[in-house]
Amino acid sequence: MCGIIGYVSSGIDAENESTTAADGGTGDGRALPVLAEGLRNLEYRGYDSAGVALVEDDDLSVFKQAGVIDDLDLPDDHPATSGVGHTRWSTHGKPTDANAHPHTDCSGDIAVVHNGIIENYDDLRAELDDHEFTSETDTEVVPHLLEEELAARRRRASDGGQVGANADDVTPDGATADDATVADDQIGGVDLVEAVEAVVDRLSGSYAVAVTIAGREEVVVARQDSPLVLGVGEDANFVASDVTAFVEHTRDVVYLEDGDVARVTAGGVDVRSDGEYVERETKTVDWEAEAAEKGGYDHYMLKEIHEQPGALRQTLSGRIDEVGGDVDLELDLPESFLANVDEIQVVACGTSYHAGLYARRLLESFADVRVTVEVASEYEFQGGRDPWETLVVAVTQSGETADTLSAMRKAAKAGARTLAVTNTVGSTAAREADDALYIRAGPEIGVAATKTFAAQVTALSLFTVHVGRRRGTLTSERAGRLLENLRGLPGAVQQLLDASDRLEAVATEYVDEDAYFFVGRQLGSAVALEGALKLKEIAYVHAEGFPSGELKHGTLALVTENTPVLTVLTEGARPGETLNNVKEVESRGAPVIGFSSYDAAANYLDVEIPIPDLGVLEPLVANVGLQLFAYHVANELGRAIDKPRNLAKSVTVE
Ligand code: M6R
């Protein structure tokens, strides 16, 4: 997830400087302060590098570097009245100065910022082998493709409208397409919107792109599976990943739809879809700036719970090989090593540990490999293992958890290979491990991990297919079924989110209880542990999660009519046996809230939340219900949900 912004004003009105923000003005017309402020407002979407491109007549100036926006070395003043900006959350390429956006073409006249993942960038880059690339990003193909496209259009225009130009065609002035500059292109009167349409037609994956070009007072944008919203002002217009970026300047917005391409000028905004101009409704948002940052939700946690379908699409994007029943995770771990790996040891803390527990069952069942999962602070590389044939997988959202890093280092010292499964490109775990698998969930601000748990399990499911296929223990048919479930996951999660009101009502009904128990079996027990952790950390109430078979070995003594039992009754969670345990608590008067795809359970449940059919991923979908339950209980109790007492997002001490 990255943040992008674009701005075009009608010119500088020095007299009007006071209307920069608070009084609702659209600034004095200078682009730089608006872009810089917008990026600060978008920083929650990513903060590992930042940059802006400013257009002043025929000059395009780019300022970009690794680090947070406040570290960006910007001029004190700049006369440009249009430009684009970007704050990055790395997916392809480390957070370096070169990989920071905007990216430019060979001439340096076209600047592009992008949010999303361009899945076919390798192929496109190979096609552009006579272009000079300066970064490792997927994004950089876009300015170079546009350079080609504009040159070809300019040639066609000067050829009197002939179609079919290619890069080797010679223009009337004797230049080839590769020599053609964008400044030349102005003369040809080429339409930038049409050129952008042609370029984005060639991209697969997800993108929100904004393009600006030397000599043009316009920003052209395109959207596919990544958010973009236009801001309609009086003397200036805006575009951004979300309203937060410009809500201080205008509340009149146009939400773009997938497939839209739009032109933003000082005079207005025009939207096209399928090559035709279309009307998109202008809406007025009534959020304050802070609420806008949370997308209108009361808390980041709730926003992040609702972001899960999009986050999971990013996790999966470009990684599934549908035909071969396989995955492409761009891992460097040698295939021969994975084929013979003797044991996988997962080390992690808190929610990441629960993701590891979920993954263990998948790896054992689908890849037929021995797996241990250990709380990182308890880890020692066990004797009796051959380090050279052991893979240690450190699961860590932040990539900075001290306990997990320490476990990973112990494993590396013993001679084991290490893999970091993390959300954070460039984190210590990613840098120190032999290899990294990114979960691509985007920044998570709420201390309680929500979308990152779902993305961790999803990434580890892909890894399961990777290992199983390399070991020869997983057939392409069986892998195909798991991959089909993964493809269905974002939609199934959305179904649970659509039942959010119901879960709020359930939480309100059961808010004042003595304690809460969370039970399930197999994959359901990992989710039970996670459900209990969520409730404890944000609602400050007593909650325990464990395998439901353990109830009768002790905890049943605590079960009363004031201890709700939340249970996972789905595929992958042994619903038949779990139901026997449900009957044990039900007969002792405990209210039972079931997240269920198991019809036989209905008569024993006080509340039934249906879980859509999704094979072994059903418990992961049930977890979304548990997140919403925890959130609404905590909200009823008036807790500090995003910053629960005594806790920190990233725990960097052992
Ligand atoms: O960044 P990490 O995944 O390594 O963090 C591990 C735990 O500190 C973290 O999952 C913690 O348990 C969450 N706040 C729980 O919601």
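Author: What follows covers the pockets first, then the domains and the strands.

This is a predicted model, in which local features need pLDDT of at least 70 and side-chain atom pairs count only at pLDDT 80 or more, while totals for chains, interfaces and linings use all residues. Residues are numbered from 1 along each chain as its sequence is written, and side-chain values use heavy atoms, with hydrogens and water left out.

Start with the largest pocket. It holds about 1200 Å³ of space. A pocket here is an open set of points on a 1 Å grid over the protein atoms alone, where a 1.4 Å probe fits, with protein on both sides within 12 Å along at least five of seven lines. Its volume is the space filled by probe spheres set on the points, which are joined across faces, edges and corners. The lining of the largest pocket counts 47 residues; a lining residue has an atom within 4 Å of a point. Closest to the centre are D225, S226, P227, E307 and G310.

Which elements give two or more residues to this lining? They are β7 (205–213), β8 (219–224), α7 (300–306), α8 (308–316) and α14 (476–498). Helices (H or I, at least four residues) and strands (E, at least two) are DSSP runs, numbered from the N terminus. The most comes from α8, with 6 residues. By class, the lining has 19 nonpolar, 14 polar and 14 charged residues. Ala, Val, Leu, Ile, Met, Phe, Trp, Tyr, Cys and Pro count as nonpolar, Asp, Glu, Lys and Arg as charged, and the others, Gly among them, as polar.

The largest pocket lies between domain 1 (3–292) and domain 2 (297–494), because both give residues to its lining. Domain bounds come from an automatic or database domain assignment. That assignment also gives domain 3 (499–654). The C-alpha centres of domain 2 and domain 3 lie 24 Å apart. Their contact takes 42 residues from domain 2 and 38 residues from domain 3. Contact means heavy atoms within 4.5 Å.

Now the second largest pocket. Its volume is about 780 Å³. It is lined by 29 residues, with T91, H92, L329, E330 and Y438 nearest its centre. At least two residues each come from β6 (110–118), α2 (121–127), α12 (428–432) and β22 (435–438). The largest share is that of β22, with 3 residues. The classes are 10 nonpolar, 7 polar and 12 charged residues. Domain 1 and domain 2 both supply lining residues, so the second largest pocket also lies between them.

Strand β22 leads on to a sheet. The sheet is open, has 5 strands in the order β19-β18-β20-β21-β22, and its pairing is parallel. Two strands pair if DSSP finds at least two bridges between them. The edge strands, β19 (370–375) and β22, each pair on one side only. Neighbouring strands are turned by 20° against each other on average, direction ignored. Strands β20 (390–396) and β21 (417–422) pair over 6 bridges. There, A394 stands opposite A420.

Axes are lines fitted to C-alpha atoms, for helices over the stretch in contact, and angles run from 0 to 180 degrees between N-to-C directions.
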